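Welcome! Take a moment to look over the sequence and the structure before reading on.

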Amino acid sequence: VLMETLGALGAQCRWAACNIYSTLNEVAAALAESGFPVFAWKGESEDDFWWCIDRCVNVEGWQPNMILDDGGDLTHWIYKKYPNMFKKIKGIVEESVTGVHRLYQLSKAGKLCVPAMNVNDSVTKQKFDNLYCCRESILDGLKRTTDMMFGGKQVVVCGYGEVGKGCCAALKAMGSIVYVTEIDPICALQACMDGFRLVKLNEVIRQVDIVITCTGNKNVVTREHLDRMKNSCIVCNMGHSNTEIDVASLRTPELTWERVRSQVDHVIWPDGKRIVLLAEGRLLNLSCSTVPTFCLLTLIVFSTQALALIELYNAPEGRYKQDVYLLPKKMDEYVASLHLPTFDAHLTELTDEQAKYLGLNKNGPFKPNYYRC
């Protein structure tokens, strides 16, 4: 939907995958038949992944003027291999927590040479993609891969950001006993107030039936944790990158890998204990299931990212410097308003007197740009 929309608006688009398991081959084929250069297929190797990104941008006679990224790998590759391209690039739009972290690191180091729009922290993206979408797709991914029942299962969710909140809410509603690990005291307090037991991973690792990571960090689940898990524990990741679970430490001679079905591996210890590893530690919902189209396609990717690209591309000289910016609140609210008719929802309008009392324009924005909830 996003590619077709950008094409209809006059953009020349080239596409590579952001995750080796997330491409739907039928979608890639349909776009290719429509004339879009596509470099992606489901189940790429690591080498294939970087080859696809390189082929996407390294073509004679073509120069990108905008980057639309998910995870920061495309931006990283251009910085690493083709830095001269940034002379004609007007901006970067990034939609993931991981990619935004990488942009802020570039900015802090003084290496960000074009403006960047942080779409991930827009309210519409955070709530619909990270919270509501993951609240539904976590159950879908686990069911499709393991056919498990959730009632009574003990689950530890690492991270209580928007993704963690969605996962915890879904699992709690299904009757699971949910523990949470968190480094941020504010998120930790929210977990406690929402009725979840805040623990350190070491405290519950021997007893839980499922471990889910959603922190955006690295080495959250280490080999030591994996060694102490009980037999048949399910291990999976809902963060963007495959860095959260130390999967590399499991590829050793004393452990046996057994492929049970697509995206499901049993890793077997010498004493017969096994864990169930999903998608080799990669993003579960994009690798093993589908995501709700209303959340991802129409509201988030289509509307929010398209508007961010248009804003950066058309911005007059000097409006945006070489820094990372939040999506303007007016656009955030506009995206939300476009989708209210789906629910037959009717907004209340301020009277002139009410607008004056609050010091607002009747048409918004209704919240300051730093507002996140």
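The report below covers how to read the model, an annotated site and some cysteines.

## Reading the model

This is a predicted model, where local features need pLDDT of at least 70 and side-chain atom pairs count only at pLDDT 80 or more, while totals for chains, interfaces and linings use all residues. Residues are numbered from 1 along each chain as its sequence is written, and side-chain values use heavy atoms, with hydrogens and water left out.

## The annotated site

An unreviewed UniProt entry lists Gly161, Glu162, Val163, Gly164, Lys165, Gly166, Glu182 and Asn285 under "binding site". UniProt positions follow the numbering used here, feature names are shortened, and annotations may be inferred rather than shown by experiment.

Let's visit two of these residues. Glu162 sits in helix α7, which covers residues 162-173; helices (H or I, at least four residues) are DSSP runs, numbered from the N terminus. Glu162 is buried at 15% relative accessible area, where buried means under 20%, with a 1.4 Å probe and protein chains only. Beyond neighbours within four places in sequence, Glu162 is in contact (heavy atoms within 4.5 Å) with Gln126, Lys127, Asn130 and Leu131.

Val163 also belongs to helix α7 and is buried, at 16% relative accessibility. With neighbours within four places in sequence set aside, its contacts are Asn130, Cys134, Cys214 and Met238.

## The cysteines

How many disulfides does the whole structure hold? A search finds zero, a disulfide being a pair of cysteine sulfur atoms within 2.5 Å.

Conventions: Helix = DSSP H or I, 4+ residues; strand = E, 2+ residues; numbered from the N terminus. Buried < 20%, exposed > 50% of the residue type's maximum accessible area, 1.4 Å probe, protein only.
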